[in-house]
Amino acid sequence: WNEPGAFGRARLTVAEFVQREYAPSLPPGDDLSRELAILRAFCGVLGRRQLVDLRPRDLDQWGAGLRARVRPGTVNRHLTRVRLMFAAAIRWELLAEDRDPSAKLKRLREPKGRERVPTAEERTTLLAGAPEWLRRYIVLARYTGQRRGALWALRVDDVDLGAGTVIFRDGKNGADHTLPIVAAL
């Protein structure tokens, strides 16, 4: 499939590639342990195979096994991680671009999410059971819709009671986001 030795460190198994090359290159962060768990699961199925010998059929079989056990969204996250792994192998010249077994993997259609708003009783129970320091974040999340990281990054200087605004700095797109402070906050 690929000529031995044609692309640098020849004939690595998938597990060797993940352990020696790919995993150490991943940036640290909140998702690292989840990413490593996905890679371990992939290696549990195909880890003994040589990276250059994997075929699209091998990944189709792996995906079929995965689809039988988990929901479409989880399958898509696994597919994305595996695609990124093969993209790195190609970038690092361990695999020829035209030999990427993940190139034709298709994402699954995911069901539309449901919107569920907690009842007043559920909100009361949640707040009553939470430690005092966490209650502020729960209320803030409810009325701003901001994510955990944005809430944790919020500082006293970001709240302007005079103007009635709260500024969430350096948001997901890198820009600041200003929201009005509602009476409940």
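Helices (H or I, at least four residues) and strands (E, at least two) are taken here as DSSP runs, numbered from the N terminus. The structure is a predicted model, in which local features need pLDDT of at least 70 and side-chain atom pairs count only at pLDDT 80 or more, while totals for chains, interfaces and linings use all residues. Residues are numbered from 1 along each chain as its sequence is written, and side-chain values use heavy atoms, with hydrogens and water left out.

The pockets come first. Rolling a probe the size of a water molecule over the atoms shows where empty space is left. On a 1 Å grid over the protein atoms alone, a pocket is an open set of points with protein on both sides within 12 Å along at least five of seven lines, whereas a cavity is a set of points where a 1.4 Å probe fits but cannot get out; lining residues have an atom within 4 Å of a point. Grid points are joined across faces, edges and corners, and a volume is the space filled by probe spheres set on the points.

The largest pocket has a volume of about 330 Å³. Its lining is made of 17 residues, and those nearest the centre are Gln146, Ala150, Asp170, Gly171 and Lys172. Helix 7 (148-153) and strand 2 (165-168) are the elements that give two or more residues to this lining. Helix 7 supplies the largest share, 3 residues. For the classes, Ala, Val, Leu, Ile, Met, Phe, Trp, Tyr, Cys and Pro count as nonpolar, Asp, Glu, Lys and Arg as charged, and the others, Gly among them, as polar. By that scheme the lining of the largest pocket holds 6 nonpolar, 5 polar and 6 charged residues.

The second largest pocket contains about 240 Å³ of space. Helix 6 (residues 132-144) gives the largest share of its lining, 4 residues. Among the lining residues are Trp133, Arg136, Tyr137, Leu140, Leu154 and Leu185. By class, this lining has 10 nonpolar residues, no polar ones and 1 charged residue.

Two of these lining residues can be followed further. Leu154 sits in the loop between helix 7 and strand 1. A residue is called buried under 20% relative accessible area, exposed over 50%, and partly exposed in between (1.4 Å probe, protein chains only). Leu154 is buried, at 16%.

Leu185, in the segment after strand 3 (177-180), is partly exposed with a relative accessible area of 36%. Together with Tyr143 and Val182, Leu185 forms a nonpolar patch on the surface, with about 220 Å² of accessible area in total. Patches are made of residues with over 30% relative accessible area and no salt bridge, like charges being joined within 9 Å and nonpolar side chains (Val, Leu, Ile, Met, Phe, Trp, Tyr) within 5 Å. Accessible areas come from the Shrake-Rupley method with a 1.4 Å probe, and for residues only the protein chains shown count as cover.

The charged contacts come next. Side chains of opposite charge can pair when their charged atoms come close. A salt bridge is a side-chain nitrogen of Lys or Arg within 4 Å of a carboxyl oxygen of Asp or Glu, and the count by this rule is 10.

Arg169 and Asp158 form one of them, with their closest N and O atoms 2.8 Å apart. Arg169 lies in the loop between strand 2 and strand 3, and Asp158 in the loop between helix 7 and strand 1 (159-160), so the pair ties together parts that are 11 residues apart in sequence. Asp158 is buried at 7% relative accessibility, while Arg169 is partly exposed at 43%. A network of salt bridges links Asp158, Arg169 and Asp176.

Arg49 and Asp58 also meet in a salt bridge (3.1 Å, N to O). Here Arg49 is partly exposed at 31% and Asp58 is buried at 11%. In the salt bridge between Glu122 and Arg116 the N to O distance is 2.6 Å. Glu122 is partly exposed at 33%, and Arg116 is partly exposed at 48%.

Arg77 is placed in helix 4 and is partly exposed at 47% relative accessibility. Arg77 and Arg107 are 30 residues apart in sequence, with their C-alpha atoms 9.0 Å apart in space. Glu93 is in the loop between helix 4 (72-91) and helix 5 (120-129), and its phi is near 60°, a positive value in a residue other than glycine.
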